[in-house]
Amino acid sequence: MHVDVKELKGHPGAQQTLSTTVEAPAGLGTVLVGIAEGSELHLDLRAESVHEGVLLTGTASAEVTGQCGRCLDPISYPLTVDVMQLYSWEPQEASSPEEDDEETRHVTEGLHIDVEPALRDLMVSALPFQPVCRADCPGLCSQCGFRMEEDPGHAHEQLDPRWAALAGLADQLNESDEDGAAASS
Ligand SMILES: [Zn+2]
Ligand SMILES: [Zn+2]
């Protein structure tokens with residue numbers, strides 16, 4: 001995803017639009033959700049020549065697919081991110097990798113801008129950390145994996161987890177009591 005910006009160099013105010021659909025590159029995702037490699041990625045971008053470089057604005061949209069983090073059902077929904085990225089005319093200084101953060105991208109020597117890294121950052125950071133099929137997805141029973149949706153009343157005999165450790169201790173004490181009783185009889 002390289003955009004030729006030769007026409008923009010030295011012409012502040014000049015613009016170039018980029019409206020296209022490309023195949024999504026690999027790696028646009030997290031563990032549970034992402035934009036499938038090869039799926040449609042719609043770009044509606046405008047590259048504008050400004051004093052410092054090329055300002056890329058617009059939107060990128062794609063279909064996010066993956067799994068609900070609670071019930072593991074497949075999910076999919078459209079995602080659109082706003083793009084606002086400056087590509088500096090200044091050549092990239094190879095010496096200081098720590099300065100090469102997301103804010104500072106550069107026009108390549110061949111007067112292209114590589115849109116992909118910026119899109120990758122934008123889209124991946126727009127993905128939910130814990131994707132759910134719906135906000136109130138009840139998920140699966142943590143004990144047996146039962147789909148809670150099918151019976152919201154599903155439950156196991158269970159102590160409050162805060163007391164579970166104490167209960168375990170009490171069981172141990174009871175067992176040792178029984179051991180003691182068995183030994184003495
Ligand atoms: Zn779910
Ligand atoms: Zn259960």
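## Starting point: C137

C137 is buried, at 6% relative accessibility. Buried means under 20% relative accessible area, exposed over 50%, and partly exposed in between, with a 1.4 Å probe and protein chains only. C133 is partly exposed, with a relative accessible area of 32%.

## Basis of the model

This is a predicted model, in which local features need pLDDT of at least 70, side-chain atom pairs count only at pLDDT 80 or more, and totals for chains, interfaces and linings use all residues. Residues are numbered from 1 along each chain as written, chains are lettered from A and ligands numbered from 1 in written order, and side-chain values use heavy atoms, without hydrogens and water.

## Zinc ion (ligand 1)

C133 and C137 are among the protein donors here; C68 and C71 are also donors. Donors are N, O and S atoms within 2.8 Å of the metal (3.2 Å for Na, K and Ca); water is not among the atoms, so sites may look incomplete.

The donor spacing is C-x2-C-x61-C-x3-C. Angles among the four donor atoms run from 104 to 114°, and the site is tetrahedral. For four donors, that label requires all angles between 85 and 135 degrees. The ideal tetrahedral angle is 109.5 degrees.

## Zinc ion (ligand 2)

C141 (SG), C144 (SG), H154 (NE2) and H156 (NE2) coordinate the zinc ion (ligand 2) at 2.0 to 2.3 Å. This site is tetrahedral too, with angles of 103 to 115°. Its donors are spaced C-x2-C-x9-H-x1-H.

C144 is partly exposed at 45% relative accessibility. H154 is buried, with a relative accessible area of 18%.

Conventions. Tetrahedral: all angles 85-135°; square planar, octahedral: opposite > 155°, others 65-115°.
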